Amino acid sequence: MWEQQNNTLHRKFVFKSFSEAFAFMTRVALEAEKMDHHPLWHNVYNEVEIWLSSHDAGDIVTEKDRKLSEKIDSFI
């Protein structure tokens, strides 16, 4: 579940392996590039954390962040 904190949408994902985490990140990266909306993220082994905010809107959560979060959820 995405949580809004510190003017971002945040979610932590845990996968069975590094390969699954990396495949997920690849799908997210391709979609983010299509949307021209790139996440801040962190990956260690099978865990991926993502923070979304709109830098061009003053680092706040916008509809663009919500749309990307929904698309990210569809990759799980």
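Which residue forms a salt bridge with aspartate 73? In this predicted model, where local features need pLDDT of at least 70, side-chain atom pairs count only at pLDDT 80 or more, and totals for chains, interfaces and linings use all residues, the partner turns out to be arginine 11, with the closest N and O atoms 2.6 Å apart. Residues are numbered from 1 along each chain as its sequence is written, and side-chain values use heavy atoms, with hydrogens and water left out.

A salt bridge here is a side-chain nitrogen of Lys or Arg within 4 Å of a carboxyl oxygen of Asp or Glu, and the count by that rule is three. The pair of aspartate 73 and arginine 11 ties together distant parts of the chain, 62 residues apart: helix α2 (residues 63-73) and strand β2. Helices (H or I, at least four residues) and strands (E, at least two) are DSSP runs, numbered from the N terminus. Arginine 11 is buried at 18% relative accessible area, while aspartate 73 is partly exposed at 30%; buried means under 20%, exposed over 50%, and partly exposed in between (1.4 Å probe, protein chains only).

Glutamate 47 and lysine 12 meet in another salt bridge, at 3.3 Å from N to O. This one also spans distant parts of the chain, with glutamate 47 in strand β4 (residues 47-52) and lysine 12 in strand β2, 35 residues apart. Glutamate 47 is partly exposed at 32%, and so is lysine 12 at 42%.

Then there is lysine 34 with glutamate 31, at 3.8 Å. These two sit three residues apart in helix α1, so about one helical turn separates them. Lysine 34 is exposed at 68%, whereas glutamate 31 is buried at 14%.
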